[in-house]
Amino acid sequence: MRRCLTQVACRIIQIFFALQYLEGRKYVVQAIFLAVAMLFAGRLFYIQVLDGSYKLAADRNTLQRIVKVPYRGLVYDRNGKLLVQNTPVYDLLVVPREVKQLDTVRFCQLLQLPIEDLRAGLLAAKKYSRVKASPLVQNLSTAELASIQDNLIDFPGFRIEARMARAYGTQSMAHALGYVGPIPATWVDREKYAKYRPTDFLGISGLESFYEKELMGRRGVQYRMVNVRGIEKGAFRGGEFDTLSVAGQDLHTGIDIDLQQYGEMLMAGKRGTVVAIDPKTGEILAFVSAPAYDPAMLTGKGLGNRYMELLNNPERPLIDRPLTAIYSPGSVFKLVNELVAMQSGAVTANTGFPCNQRLVRCTHNHEYPGNVSIAIKNSCNPYFYQVMQATVMRGRSRNRFEDSRLGLAEWKRNVQTFGLGDKLGVDLLGEKKGLIPSPEYYDKSYGYHRWTYKTVYSLSIGQGEVQVTSLQMANIMAIIANRGYYYTPHFVRSVGQNGPLPQFQERHKTSVDSHYFEQIIPGMQMVVGRGGTASLASLEQFGISMAGKTGTVQNRHGADHATFAAFAPVEDPKIAIAVFIENAGFGGSSAAPLASLMVERYLRGKVVRKKWEEWLPGSADRFVKRHH
Amino acid sequence: MKTPARYSRSIDWVTVGIYLLMVFVGWLNVYAASYSPDAPTHVFGLSFGELMNFNWFKQILWIGTAVLLIVVLLVVDYKAYDTFAYALYAGMIVLLIVTPFIARPIAGSRSWLELGPVRLQPAEFAKFITALAVSRYMAGINLRHQNFRDQLMLAVFTLLPPLLIIAANETGQALVFGAFLLAYFREGMSPLILLLLAAGGAILILALLVPKLWLIGFFTVLLVLVLVFNNRLLRHHLPLSIGVWLVVIGMVFGVDFFFNSVLQEHQRKRIEILINPSADPLGVGWNVTQSKIAIGSGGVVGKGFLQGTQTKFDFVPEQSTDFIFCTVGEEWGWLGSVVTIALFMALLWRIVYVAERQKSVFGRTYGYCVASIIFFHFAVNIGMTIGLAPVVGIPLPFFSYGGSSLWSFTTLLFILLAIDAYRKQDLVR
C-alpha cells in the first residue's frame with residue numbers, strides 16, 4: 001500500500017520532469033484548453049438545463065403582473081333605490097427616484113399635510129422601492145384633488161392614481177350594509193384571502209363581507225414586460241396569459257330603505273332593534289339597530305380614526321343588535337308554547353285554566369281565561385304556566401323528574417322547528433344562536449333528576465333561560481303569519497340577475513300543523529283590539545287587521561325591555577315585525593305603537609298619526625353622526 | 001516575393017474561416033444585444049449620424065476596418081514583425097507611460113486615447129506587441145540551457161506592460177499577460193512553475209473558502225505523515241518539505257493581508273461575490289446575478305434570435321461588450337453556448353497546430369502567445385458571466401462589441417497567419 005502510493009507520486013513527478021521533449025508539451029496546453037471548455041460546458045448545462053430557478057428569476061425580473069380591480073357590485077333596495085355605489089377617490093403616489101428638489105414647505109401647505117407625515121411617508125416609500133410608486137396620501141376626494149392637481153406639475157415624482165371607493169345613497173342601515181376597508185394585515189396570510197394583495201380593499205363586515213365574492217367580481221390580470229427601470233415594454237407573449245376583469249354582481253336587497261330610515265328615526269335616542277320581514281319570501285324589510293351611525297363614516301379618508309371613534313363610543317353604535325343582542329323573548333314566547341302544546345295534544349284552543357296567582361304572578365287583572373284567545377289577549381301568566389305544564393308533564397314516566405326531562409326534550413325539539421336556539425342562517429356574519437335549554441342544560445345546573453317542570457316553569461312565559469335574537473323574534477311572527485312555515489330571513493333577493501341564494505328559497509316547516517296557527521290568531525288580534533295589551537297599536541281605523549303580542553322582559557340590565565311582535569294584514573300577511581326597546585318598560589305602551597307606525601308606513605306608504613312619532617320617547621337627532 | 005496567387009494559397013484559410021465565422025456570430029449577438037424593440041427598424045431611412053447611435057452599426061464599421069487591417073497585415077513583409085518587434089515594444093511602453101497623463105478618465109481609468117471619433121485603448125495593443133517582443137527574445141536564447149539573466153530579461157519584458165497598465169487602473173487587461181506563461185511552458189519553462197502557481201492559487205482559494213485552522217491542521221498532518229512514514233524520496237528533501245509547509249502556512253495567513261491590504265475595495269468585493277454569489281444581489285453581485293439569470297433562462301435551445309428579455313431590457317450591464325456571452329446564452333441556449341465554446345476550441349486547436357508547424361522559434365512562440373492570450377480572454381470572460389471567475393473587465397475575443405478589442409485580436413491573429421504564410425521560406429533562422 002505504502003509502496004504503491006509512493007510509486008504513484010513518483011510517477012506523477014516523473015511525468016512532469018519528463019516533459020523535456022518540448023513537442024509533447026503541446027498536449028498539456030491542449031489539455032488545459034479542453035479542461036476549461038469542458039468545465040464551462042458542464043457548468044452551462046447545469047445553469048441552463050438542470051437548474052430551473054434562473055428561468056423563474058428571469059420572469060420575476062421582467063414580468064409585471066398588473067391586477068385590474070373590477071367595479072365592485074352595487075347595492076339596491078327593494079324599490080331599486082341605490083344604497084351603495086362606487087365613487088372615485090385618489091391616491092397620491094410617489095416614486096422616490098424621480099423626486100427632485102422637493103420644496104417641502106410648499107408641498108405640505110398644498111396637501112395640508114404635517115411635515116413629519118411627509119418625511120415618514122417618503123422614508124417608507126424609499127424603503128419599499130426607489131423606482132416603484134408607493135402611496136403617500138390615500139383617499140383624496142375629488143374636491144381635494146382639484147385643489148392640488150394643477151400644482152402637482154411642480155413636484156416631479158408625485159402622481160395621482162384613481163381608485164374606486166364606496167359611497168352611500170343612504171345614511172341608514174350601516175350595520176347590515178357593512179363597510180369596505182383595506183385588508184387587515186392578519187388576514188393576508190389566510191388561505192381564504194390568498195387572492196388579495198396587501199394593499200387591496202375588501203368587505204370587512206355586513207353584506208359587503210358576506211357577499212364579498214359576488215361583489216368583488218373577478219380580477220383581471222395582465223402580464224407586462226418591463227425593463228430594468230420598470231418601464232413597460234409591451235404585453236407578455238402578446239397577452240396570451242391575460243384575463244379580463246369581470247365586474248362584481250349587484251345586490252338587490254329586499255330592504256325598504258324608506259321604512260328603514262323611518263325605523264331609525266323612530267328608534268333615535270333609544271337602544272334596541274326593529275326587524276321587519278316579508279313573511280311570504282323571508283326578505284328583510286327593515287333592520288334597525290339603535291343607536292345607529294352613518295355608513296359614510298367608514299369610507300374614505302380617515303376611516304381608521306372614525307372607526308376607533310365609533311368603537312370607543314359608550315353607546316356602542318357598532319354593535320349589530322338584531323343579530324347579536326340576545327333577549328329573553330318575554331310573553332311573545334307564550335304563542336310558541338301554546339302552539340307546541342296544541343300540536344302535542346296537551347291542550348286545545350278551548351282549554352281553560354284558572355288565573356292561579358299562586359303558580360306565577362299575573363301582571364294583569366282580567367276575566368277568567370276560558371280559552372286561548374282570552375289568555376293571549378290578557379297575556380295571562382298562570383294560564384300559560386299550566387299550558388306548558390300540560391305539554392311537559394305527560395306522565396310518560398312515573399318518576400316526575402324523568403317525566404320532566406322527557407317532556408322538556410320533546411318541547412325543545414318542537415320549539416327548535418321555529419328556527420330558535422340556532423342560527424337562522426341570514427346572509428350576514430356573526431349571527432347569534434340564542435338559547436332553547438335542553439334537559440341536559442338543567443342537569444348541569446341542578447343535577448340529574450334534581451329538577452322538575454316547577455324548576456323551569458319560567459320558560460312558559462318566555463323568561464328565564466330562553467333567549468332569542470330580534471331576528472328570530474320577527475321570524476316567529478313570520479311563521480305565524482304563514483301559518484306554520486318560514487323562509488330563512490335574508491337581505492338579498494337577487495344576486496345580479498340570479499335570484500336569491502338557494503338556501504333562501506327553501507321553505508322550512510314547523511312541527512305544528514297550520515290549523516293550530518289559525519286558532520291563536522284571533523287572540524293575537526284581540527291584543528291590538530279594544531281592551532288588549534297593545535290596543536294603542538291598532539290599525540283598525542285604516543282597515544288593516546293586525547295580530548300581535550306584547551312582551552315585557554325582565555332583565556339584569558335595569559328596567560324591563562319592552563317588546564312587541566306582530567304581523568299584518570291578518571288575511572294576507574305582508575309584514576311581520578318585532579320590536580325590542582331596551583329598558584323602556586311595558587311593551588304595550590312603547591314598543592307596540594312603534595311597531596304599529598312601522599306597519600302603517602309600510603302598508604300605506606305614509607303615516608298620518610304624526611303626533612305619535614313625537615310622543616314616542618327620545619328626540620330624532622341623537623344619531624351618531626359623522627363629524628365634519 | 002510570391003505572386004498573389006501563390007501567396008493566397010499559403011494562407012491558412014481554415015483559421016481565416018473560423019475567424020470570419022466568429023466575427024459574424026459575434027456581430028449577430030451584438031446586434032441582438034443592442035437591438036431595441038421600441039426603436040424604428042427601418043434603418044435604411046436613417047442618416048449615417050443616426051446609425052452611429054447603434055452599436056451593431058458601428059460594429060459593422062469596425063469589422064470593415066478590421067478587413068482592411070488584415071490586408072495591410074498580410075501585405076507587410078513578414079520579416080518586419082520580427083525586425084521591428086523591439087522598436088514597437090519600446091514605442092508601446094512610451095505610449096503606456098504617457099496614456100494616463102493625456103487620457104480623459106472614462107469609467108474610473110485613464111486608459112482610453114481619443115483620436116477624433118475613435119477611442120483606442122493602448123493596453124489592447126500591448127498584448128500582441130509584447131507577444132512579438134518576447135517571441136523575438138525567445139528566438140535568441142536557448143531556454144533549455146537556462147541562465148538567470150535571460151530569465152530575468154524575459155520576466156521584465158513580460159511584466160513591464162502589465163505594471164504600466166495597472167498604473168492606469170486596468171487590472172483586467174494586465175492579468176492577461178499571465179497567459180504568456182503557457183507559451184513559455186511550451187518553449188521549455190520548468191513545469192514546476194506552472195505547478196507551483198496552480199498549487200498557490202488553489203491554496204489561496206482554499207484559504208478564502210475553508211476556515212484557516214482546518215487548512216493549517218490539514219497541511220500539518222500531511223507534514224507529520226511524511227515524516228512518520230519516513231518516505232525515501234521525501235526524506236532526502238526534509239528541509240524542503242518543512243520549507244514548503246512554512247510557505248503554505250505563510251500563504252494561508254497572507255491571504256488576509258493580500259485580500260484586505262493589496263486588493264482594492266471593488267476587487268475584493270468581486271472575489272467575495274464569487275465565493276458567496278447571493279451576498280449582495282442588488283449591489284456588487286448585480287452583474288453576476290443578472291448575467292447568470294440571463295444565461296440560465298436560455299434553456300437548452302434558447303429563447304431565439306432577438307427574443308432575449310434579460311439582455312434586451314437592460315438587466316445585464318455591458319451586455320454588448322464584456323457580457324456579450326449572456327446574449328449568446330439567453331437567445332441560443334445551451335446548444336448555442338456549446339457551439340460558441342466549440343468555435344473557440346477549434347480556433348485554439350488550429351492556432352496550436354499552426355504554431356507547431358513553424359520552423360522558427362519566433363513563429364512558434366508567437367503562435368503560442370496568440371493561443372494563450374485568446375484562451376485567457378475566453379476563460380476569464382465566459383467564466384465571469386457564469387460565476388466561475390471574478391468580474392474582470394476583459395472582452396470576449398471577436399464577439400464583444402468594440403473597435404479596440406476587435407482590431408487588437410485581429411492583429412494578433414493575422415500577424416501569425418502572415419508569419420505562417422512565409423514559413424517555408426524561413427529556412428535560414
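Mentor: Of the 25 residues of α18(B), 24 are buried, so this helix is largely enclosed by the rest of the structure. A residue is buried if 20 or more other C-beta atoms, placed from the backbone, lie within 10 Å of its own. Helices are DSSP runs of H or I with at least four residues, strands are runs of E with at least two, and both are numbered from the N terminus. This is a predicted model, in which local features need pLDDT of at least 70 and side-chain atom pairs count only at pLDDT 80 or more, while totals for chains, interfaces and linings use all residues. Residues are numbered from 1 along each chain as its sequence is written, and chains are lettered from A in the order in which they are written.

Helix α18 of chain B covers residues 361–385 and reaches 36 Å from its first C-alpha to its last. That is close to the expected 36 Å, the expected span being 1.5 Å times one less than the number of residues. Just after α18(B), B:G387 takes a positive phi of about 80°.

The contact between the chains takes 39 residues from chain B and 33 residues from chain A, two residues being in contact if their C-beta atoms lie within 7 Å. On the chain B side, α18 supplies at least two residues, as do α10, α11, α16 and α17. The most comes from α17(B), with 10 residues. By class, that side has 23 nonpolar, 11 polar and 5 charged residues. Here Ala, Val, Leu, Ile, Met, Phe, Trp, Tyr, Cys and Pro count as nonpolar, Asp, Glu, Lys and Arg as charged, and the others as polar.

Key:
A residue is buried if 20 or more other C-beta atoms lie within 10 Å of its own, exposed if 12 or fewer, and partly exposed in between; C-beta atoms are placed from the backbone.
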